[in-house]
Amino acid sequence: MATTILLLIFLTLFSSASSAAAACNKKDESALLAFKNSFRYSSLTSWSRSTDCCSSWDSVSCDSASGRVTILRFFNDYDMPESIFLNGSIPAAIGDLSELEHVDFSRISSLEGTIPPQLLKLKKLQSLQISQTQVSGPVPHFLSELASLKGLELRYNRLSGPIPASLGNLVHLTSLTLSGNRLTGAVPASLFSKLPKGSLASLALSENKLTGTVPKSFASVPFSSVYLDNNKLTGDALFLFGRSKPTVHINLARNSLAFDFGKAVFPPSMEYIDISHNEIYGSIPYGITKLRNLNYFDVNSNKLCGKIPPNGGRLLSPENYAHNKCLCGGPLKPCK
Ligand SMILES: *[C@@H]1O[C@H](CO)[C@@H](O)[C@H](O)[C@H]1NC(C)=O
């Protein structure tokens, strides 16, 4: 009897010990507290030495075996008033969380200042997201030395200056989103030039002030999506289309692109094509009628001409064809 009870006690102790996660690493705890204390004001009230940073601190996740902090995620929900406040700049102390793999500041309107160079110390960082903040300054060159980076999303901030060509050196990068900033200069031809074999690329540079042409090198990048809309790009972009490409979304709207759309050939996977508000000429290729998954097609405000193919890719809203040179048929007036 006594042996059975002892055995039960032993088993209980053993199983709870083996399933318990490691406690927060002390160096990481200190770095997090320095992070918190560098803000003028923050809502990080759960961050206190009296509790375990891995199990009790909001926005922090650890590797359960080592107790090292691997994820920092600050995120205000879209449909709620903001509840996370980080009033100040991204703290230099973030660089002391050496095991970080994912960092996310999303919809944190109190966050300001520039992207700190201490991020360069995060050699294991796979994803960096700074979105819908007031963060300003350049897209730093040093980001291209974060060799583990797979995804870089700096969306709807106040970033300015050029896109560093050196971002093309990131051999694991498959997703780059810099939309909604004040970026100027050309789209670097180097982007995704070292894309891992078998990977697809996703690029979003919408709503900036980018100039020049779409790099010809993009003809050989296997994009799943390309968003270049709302910039000041000129010239050809026909090479983004092609039968054997894996592309699902292309948005080139509101630039000054000029090419013969009649020559475009589409991959069967296409779901979204917006080339509206450009200088694009030629006709609408018959090939769009074959795109079974196409759910958005907009060519309005270009210089297109000729008969809209039967059923216009099933998308027959006249606005999506309006303001061209001489398109006719389909949802528009019959051709003469
Ligand atoms: C923190 O930032 C928010 C949003 O920018 C602002 O409304 C609030 O007044 C700031 N709080 C403090 C204490 O500075």
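Residues are numbered from 1 along each chain as its sequence is written. Because the model is predicted, local features need pLDDT of at least 70 and side-chain atom pairs count only at pLDDT 80 or more, while totals for chains, interfaces and linings use all residues, and side-chain values use heavy atoms, with hydrogens and water left out.

Begin by selecting the cysteines: a search of the whole structure finds four disulfides, a disulfide being a pair of cysteine sulfur atoms within 2.5 Å. Numbered in sequence order, the bonded cysteines of the protein chain pair as 1-2, 3-4, 5-6, 7-8.

Next, select Cys24 and Cys53, which are joined with an S to S distance of 2.0 Å. Cys24 sits in the loop between helix H1 (2–19) and helix H2 (26–37) and Cys53 in helix H3 (residues 53–56), so the pair ties together parts 29 residues apart in sequence; helices (H or I, at least four residues) and strands (E, at least two) are DSSP runs, numbered from the N terminus. The link is right-handed, with 80 degrees about the S-S bond, and both Cys24 and Cys53 are buried (buried is under 20% relative accessible area, exposed over 50%, partly exposed in between, with a 1.4 Å probe and protein chains only).

Move on to Cys54 and Cys62, joined at 2.1 Å from S to S; Cys54 and Cys62 are buried, and their torsion of about -90 degrees makes the disulfide left-handed.

Finally, select Cys305 and Cys326, whose sulfur atoms are 1.5 Å apart in a disulfide. Cys305 lies in strand S22 (residues 303–307) and Cys326 in strand S23 (residues 326–328), 21 residues apart. Cys305 is partly exposed at 28% relative accessible area, and Cys326 is partly exposed at 32%.
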